[in-house]
Amino acid sequence: MRRPSGHCLAFSCMLPGIWLEEGHRRPVTLPERRCVEPIFEARRVEKFYEQPDGSRVQVIAPTDLAVHRNSVVALLGPSGSGKSTLLRMLSGLSKPSAGEVLWHGKPLDGQIPNVAIVFQSFALFPWLTVLDNVEAPLMARGMSAAERHKRALRMLDTVGLDGFETAYPKELSGGMKQRVGFARAMVVQPEVLFMDEPFSALDVLTAENLRGELLELWLGKKMPISTIFIVTHNIEEAVLLADRVIVLGRNPGRIRADFAINLRHERDRKSREFVQFVDYIYTVMTQPEAEVAASPLVPHERRRRSRPEPKYQMLPHAKPGGITGLLELLIDRGGRDDVFRLAGQLHLEVDDLLPLTEAAALLGFAGVKEGDVEITGDGRAFAEADILTRKVLFREAALGHVQLLGQIDQTLHAKADHTIPIDFFEDVLDEHFSKKEIERQLETALEWGRYAEIFDYEPDSGRMILADVGAQHPEGPPQ
Amino acid sequence: MNRSPGCVSIPKILAWGSVPRGTWSLITDLPIFGAGLALCYVFILLARYWAGPFTPSVDISRSPSALPLYAVYSLLRIGVAYFLSLVFTLIYGYVAAYNAKAERIMIPLLDILQSIPVLSFLPGVMLAMVSLFPRHQLGVELGAILLIFTGQVWNMAFSFYSSVKSIPRDLREAARLYRFSAWQRFVQLELPYAGIGLIWNSMMSVAGGWFFLMACEMFVLGSRDFRLPGLGSYLQTASSAGDTHAILLGLITMISVIVILDQIVWRPLIAWAQKFKFEQVESSEEPHSPVLRFLQRSHAVSVVSHRFTRPLGERIALYFAGRERAPSATGRVAQARKWALRVIAALVAMGILLAVVDALRLLAGLSAEDLKALVLGALATFLRVLCVLLIGTAWTVPVGVWIGFNPRLARIAQPLAQIAASVPATALFPVVLLVLIRIGGGLGVGSIVLLLLGTQWYVLFNVIAGAMAIPSDLKEAAAVFRFGRRECWQLLILPGIFPYLITGLVTAAGGAWNASIVAEYFHFGGKTISTVGLGAAISQATDSGNFRLLLAATIFMAAFVVTVNRTIWRPMYGLAETRFKLES
């Protein structure tokens, strides 16, 4: 089912265009895009899980996405936004619950297109030598031993693993392992190279080094690849590598921004343009609920997404100690700072920092605006209080702002024995979140509730107990 | 020349460094050629014997000169049974892991089959095999092999199934993404991933095979007396005749065979399988085996590998890769396959239904008296198993902890204990019985000793391992805070070894139930000695050909074991996995 080419024409008429983001006054020229059919295209692709009671948990909202030749596309998003799920649907590994993925205009029918994936965990076979690992995909294609050998060696040479052919993966460092992962992916000459957080398991320096080499290979056209699609949660990595960045939001996963990065390589991390891009992405990601202008790249009718109905409040997975630390740092820095700079200061990835800022905002301790975090009066009072007062303030804030904790508190007060099994709230959350997310929501709620001394929790019986009751009757529930 | 330091030193010590290279490889190859030749001879011998006319009761000689041949027969029986178990394991585990519908039936079934004692299979299997091959020795022989098979296969199948199920998602996806054929996936992903677990379980299974050898090689079934030449029947004949000298000789032979097998088969296999360990970082201490090193350096082995094994593997892999790339089976073929599967499933279901109806009819004739005896027997055996576990725990925990806390002691004690444990307790029964009868104890108490002999080792091993796994910083903390002996046990040692203790007890309990059949009922010196118990009931029913009682007793035991597993051990396991897990 191909669409008439008129659709494609309408697309290119908008390009190149200038896009002005309010408040950032940053002109972004979009790259000229030739009118060719995309390599692959997702049409109203979504993922959801049916619950036994008939309701469904939406993991990814209906999403449209087209990827063209000769580009590096980065998919960014906080954890839990379904980046990996989307990648697996696009690459044919997992079937969408609805909608379809087209490769060269043809729908995928459970087949795997000519792609490769570089995994975060490397996914090498530990019992095969480096050479055998790289040869394995070629063997699957029925290639003769001699030819396989030749190609694998050439690819190992390209990624700088000369002389390691007979080593086993466990003898190699993380960076070397990922090189094997690259070699194995490229040796099949995939049309699209998917990468699922390929540098996340590596230390900072190794990751930086590998990124540089990847870019060198790509720019030098030494890779037999037409397009790279990289999933990451590292904003700088995305801006450093990609020609196009797609930012996903979560609950359910959906595209919140999709724009081109037209900076010339080698990109300078300190340049004004680079910082502006990074800042913009932070702004998008720190305002999870705001509707950001996606980008003019997306045709108008596609932008009209169904607004998700009012949702159950989602707790960011932050620990009270972390929130306190963030607030103290903010006070040291004059009460307000740029999220990007804070992340650098704390050596935190966005994935680790965002839950903290979100939690502070949720509790009314801080406000997030245009990529800056600013401490509020409540936040200042909390951060400057002593340990016991902090607990009181946290409790007030939590009961006032956090839906789930309020619910737990009310239920415990309502019950005669002031205790309730935690499973009860699993059921409450059941229609809003996936199983894994419910677990994390309750874990966070427990952490906060225990810290704020709203309730106690007995892991053996799996019951929550109203805190003051537990204190009055240390031996157990009242008679 | 040789890079690894370990290899350089050996020729020097042995002063063989001066032997020219070519000669050297010839010398190392000689034993391999010899072994190949011997294997061929044994197979011919066996084929001749199996094809021979049916002689249900061979006279078992008690002369020491018969021992080598008997050992070979027993070894081959176990070997063939093991091979069958392996084939069954791979197929059963594979289907259960990949077919969700089949899994729902196959896994609980495995759980039940696992709890059925080996000897309950005996009459059915034996009669079926003898009627299949009425004229040849092959029938009885296959019967014995199938019996050993039923004692070996279940835990292997379970291990393979759970390994395949737990293959990490990324590896699975990589295999799918790079379009591995089913064969390549099996050889490069599933089999290696399951390899270590499969080898350990194989070792345990073969040990179980030795345990039941005595029962499988010689037994009475109703009016018929079956005897197969082998080590088990030799030992049993010797103990029936009360020939202490022959018992000891048989025992020594069996232990030697087991120790040799351990050295030339299992140890090399385990050392070799280390490369299948699913780890991203190299571990510091790896088991090694001189035999493996010898094989790896052998010229003949490398020639066979280069000229034969590897090209063959290549051929097969490419054949399957080609098939997979060819357009996939058309709709009609898939449809036909689906229907065939349905028909097979329906047939199987029908067969099961018929069997159940038949069994129920048989059971309906059970008298109230029989039932009462069975309940009493079940209780007696249950108490005996409980006693065994309590006594086993009582002595193995202090001793195991003591050994585990002394690394130097552990290094000496562990291999010794391993040898002790590898001796099948059934083989020792005659000796123990002899002593027991001398001092005047009955089998009621004696069977506890016999059961203990067979099962306490599992507990001991696990306790030693657990004690060794307690991190030293916790021990140091205990020392710093001046824990007394009581606090030390209560706060550190007991919680520390808990998961290991549970694992040991579960294995021991399962083993004890199964062993009760041989421990509660015994032919000795021309007499039958027995005591009240479920195991005795099963043995007796087999002996007298009372199928009704056999079936009832078997169901009793399986139900008991499954219930105890579900209600006691599984929750304990859960506790061990969560609360008492020492996180690294």
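Helix axes are here lines fitted to C-alpha atoms over the stretch in contact, and angles run from 0 to 180 degrees between N-to-C directions. In this predicted model, local features need pLDDT of at least 70 and side-chain atom pairs count only at pLDDT 80 or more, while totals for chains, interfaces and linings use all residues. Residues are numbered from 1 along each chain as its sequence is written, and chains are lettered from A and ligands numbered from 1 in the order in which they are written.

In chain B, the axes of helix 8 (residues 182–211) and helix 11 (residues 244–273) come within 9 Å and cross at roughly 170°. Helices (H or I, at least four residues) and strands (E, at least two) are DSSP runs, numbered from the N terminus.

**Helix packing in chain B**

- From helix 8 of chain B, the residues B:G195, B:I196, B:I199, B:M203 and B:W210 take part in the contact. Their counterparts in helix 11 of chain B are B:I258, B:W266, B:L269, B:I270 and B:A273. Contact requires C-beta atoms, placed from the backbone, within 7 Å of each other.
- The residues of this contact between helix 8 and helix 11 of chain B comprise nine nonpolar, one polar and no charged. Ala, Val, Leu, Ile, Met, Phe, Trp, Tyr, Cys and Pro count as nonpolar, Asp, Glu, Lys and Arg as charged, and the others, Gly among them, as polar.

**Interface between chains A and B**

- Chain A contributes 24 residues to the contact and chain B contributes 27 residues.
- On the side of chain A that touches chain B, strand 8 (115–118) and helix 3 (130–140) of chain A are the elements that give two or more residues. Helix 3 of chain A provides the largest share, four residues.
- This side of chain A consists of 19 nonpolar, two polar and three charged residues.

**Overall build of chain A**

- Chain A contains 18 helices and 18 strands.
- Of the 479 residues in chain A, 41% are buried. A residue is buried if 20 or more other C-beta atoms lie within 10 Å of its own, exposed if 12 or fewer, and partly exposed in between, with C-beta atoms placed from the backbone.
- Among contacts in chain A between residues at least 6 apart in sequence, 70% link residues at least 24 apart.

**Domains of chain A**

- The domain assignment gives domain 1 (313–400) and domain 2 (402–479) of chain A; such bounds come from an automatic or database domain assignment.
- The C-alpha centres of domain 1 and domain 2 of chain A are 24 Å apart. Their contact involves 11 residues from domain 1 of chain A and 16 residues from domain 2 of chain A.
- Helix 14 (residues 387–401) of chain A gives the most to the domain 1 side, with five residues. That side of domain 1 of chain A divides into six nonpolar, two polar and three charged residues.

**An open sheet in chain A**

- Four strands of chain A form an open sheet in the order 4-3-6-7, with antiparallel pairing. Two strands pair if DSSP finds at least two bridges between them.
- Strand 4 (56–67) and strand 7 (106–107) of chain A are the edge strands, each pairing on one side only.
- Strand 3 (residues 40–50) and strand 6 (residues 98–103) of chain A run antiparallel and are joined by five bridges. A:A42 stands opposite A:V101 in strand 6 of chain A.
- Helix 2 (residues 83–90) of chain A lies across strand 3, strand 4 and strand 6 of chain A, at about 125° to strand 3 of chain A.

**Individual residues of chain A**

- A:V278, in helix 8 (residues 272–286) of chain A, counts as buried because it has 21 C-beta neighbours inside 10 Å. Not counting residues up to four places away in sequence, A:V278 touches A:I235, A:E236, A:V239 and A:F340. A:V278 and A:F340 are 62 residues apart in sequence, with their C-alpha atoms 7.5 Å apart.
- Most residues other than glycine have a negative phi, and most peptide bonds are trans.
- A:N70, in the loop between strand 4 and strand 5 (71–76) of chain A, has a positive phi near 55°. A:N70 is partly exposed, with 13 C-beta neighbours inside 10 Å.
- A:A123 has a positive phi near 50° and lies in the loop between strand 8 and helix 3 of chain A. A:A123 is buried, with 22 C-beta neighbours inside 10 Å.
- The peptide bond from A:H265 to A:E266 is cis, with omega near -25°. A:E266 belongs to the loop between strand 12 (254–260) and helix 8 of chain A.

Conventions
Contact = placed C-beta atoms within 7 Å.
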